[in-house]
Each structure stands twice: as C-alpha cells, then as structure tokens.
Amino acid sequence: MPTPSDMTTDLAPGVLDALQHQVAVFARRAEQTRLGGVGQVRNSMDRAAYLLLNRLDQEGPMGVKALAAGMGIDSSTVTRQVAPLVDTGLVKRTSHPEDGRAVVLQLSPRGKARLEEVRASRRALMALVTDGWSEDERDAFCTLLTRFNAALSEVHNALPPVTPTA
C-alpha cells in the first residue's frame, strides 16, 4: 500500500492544502448549522437520527446488524442511537418473522412523516445555499461530493482501528 507521501508526489501541494482547508471549513460550517434546514424544523434532528431514519426509509425494515453494516458503524452504536427513536415512536422494534429472537427495526408512520418534514427543511437549506448555481453546477457538486465521501469511507475502512492510549 502506498504511503501518504507516495500518493502526493504527483499532486500540487497547494491544491491539497486548499482542499484540506476547505474540507475543515465545511466540517465546521456543517456542525454549526448541523445542515438542519431552515424554519422551525432547523436543527430539530441530529445527524445520527437522520441517517438511521433515512436508511430505514430507503432500504426498509432490517436488523441492527444489517443497519450497522450498511452504515459502516458498530452494532452497539446503532442500538444506542436507535433507542431514543424507538422511545419517541419514530422507529418500531418488532420480532423477526423467521427468528423470534432477532429484532427488526422499521420506520413508523410517525417516523416517516417526521423524516419528510426534516428532508423538506434540508432541501430548502440546500436551495438557499446553492441559490444562483445552475442545475449543472448542483449536479456536478453532488457527484463530486458523493465521490469524495465514498473515497473517504474506503480510506477509513482500510485503516487499522485506533486504540485509545492512557
């Protein structure tokens, strides 16, 4: 596997410096706004809840392990993050039809309505932020950001786990 210095020898350091800086600024801005949308719905759903509800909506009911694997996180993290969603009625927890010991998570009608409310608010924010952009610019940005996120995920998954030091 090439080392980080091997990978940057052919690339202009100025562009990489600018890119890493802009990614850091983006991360700060995203956290500041939580990209939560506009209006009363703004910041009303945290990132973890949004991503879990969105995945259940797109892929349908599934077990904790499948949900965790699809999101690239640990099952215990999903269990912890889903608990308040179950408590508030956004997610239903049912027994697996073939294995009564296994749990299946499903978006509830209330969860579906809430997710759509948040999506609408976030769409409004994206429209506001990209006001003045052409449709081609929005498409290109979305394509590149999707590609960037996929590559970042691949790098993250290839790295050895970090062990905490005392």
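This note goes through the helices, the sheet and the helix contacts of a predicted model.

1. Overall make-up. The protein chain contains seven helices and three strands. Read from the N terminus, the order of its elements is α-α-α-β-α-α-β-β-α-α. The chain has 166 residues, and 22% of them count as buried. Take the contacts between residues at least 6 apart in sequence: 48% of these join residues at least 24 apart.

2. The sheet. The three strands form an open sheet in the order β1-β3-β2, and the pairing is antiparallel. The strands at the edges are β1 and β2, each of which pairs on one side only.

3. Strand β1 covers residues 62-63 and strand β3 covers residues 103-107; they pair in the antiparallel sense over two bridges. Within this pair, M62 has L105 of β3 as its bridge partner. Strand β2, residues 91-95, also pairs with β3 in the antiparallel sense, over five bridges. Here S95 has V103 of β3 as its bridge partner.

4. Helices α4 and α5. Helix α4 is made of residues 64-71 and helix α5 of residues 75-87; their axes come within 8 Å and cross at roughly 105°. That angle makes α4 roughly perpendicular to α5.

5. Helices α3 and α5. The axes of these two helices come within 10 Å, with a crossing angle of roughly 90°. The two helices are therefore roughly perpendicular to each other, α3 to α5. How many residues of the contact of α3 with α5 are charged? There are no charged residues in it; seven are nonpolar and one is polar.

6. A closer look at Q81. This residue sits in helix α5. Is Q81 buried or partly exposed? Its relative accessible area is 24%, and buried would require a value under 20%, so Q81 counts as partly exposed. Leaving aside residues up to four places away in sequence, Q81 touches A48, L52 and I73. From Q81 to A49 there are 32 residues in sequence, while their C-alpha atoms are 7.0 Å apart in space.

7. Helices α3 and α6. Helix α3 spans residues 47-59 and helix α6 spans residues 109-129; they pack at an angle of about 115°, with their axes 10 Å apart. As a result, α3 and α6 are roughly perpendicular to each other. Their crossing is left-handed. From α3 the contact uses Y50, L53, N54 and D57, and from α6 it uses K112, L115, V118, R119 and R122. The residues of this contact divide into four nonpolar, one polar and four charged.

8. A closer look at E31. This residue belongs to helix α2, which runs over residues 13-33. E31 has a relative accessible area of 49% and is partly exposed. Exposed would require a value over 50%. How far from E31 is R47, C-alpha to C-alpha? The separation is 9.5 Å, and the two residues are 16 residues apart along the chain.

9. Points to keep in mind.

Conventions. Residues are numbered from 1 along each chain as its sequence is written. This is a predicted model: local features need pLDDT of at least 70, side-chain atom pairs count only at pLDDT 80 or more; totals for chains, interfaces and linings use all residues. Side-chain values use heavy atoms; hydrogens and water are left out. Axes are lines fitted to C-alpha atoms, for helices over the stretch in contact, and angles run from 0 to 180 degrees between N-to-C directions. Helices (H or I, at least four residues) and strands (E, at least two) are DSSP runs, numbered from the N terminus. Angles under 35 degrees count as roughly parallel, over 145 as roughly antiparallel, 65 to 115 as roughly perpendicular and the rest as oblique. A crossing is left-handed if the near helix is turned anticlockwise from the far one by less than a right angle, and right-handed if clockwise. Contact means heavy atoms within 4.5 Å. Ala, Val, Leu, Ile, Met, Phe, Trp, Tyr, Cys and Pro count as nonpolar, Asp, Glu, Lys and Arg as charged, and the others, Gly among them, as polar. Two strands pair if DSSP finds at least two bridges between them. Buried means under 20% relative accessible area, exposed over 50%, partly exposed in between (1.4 Å probe, protein chains only).
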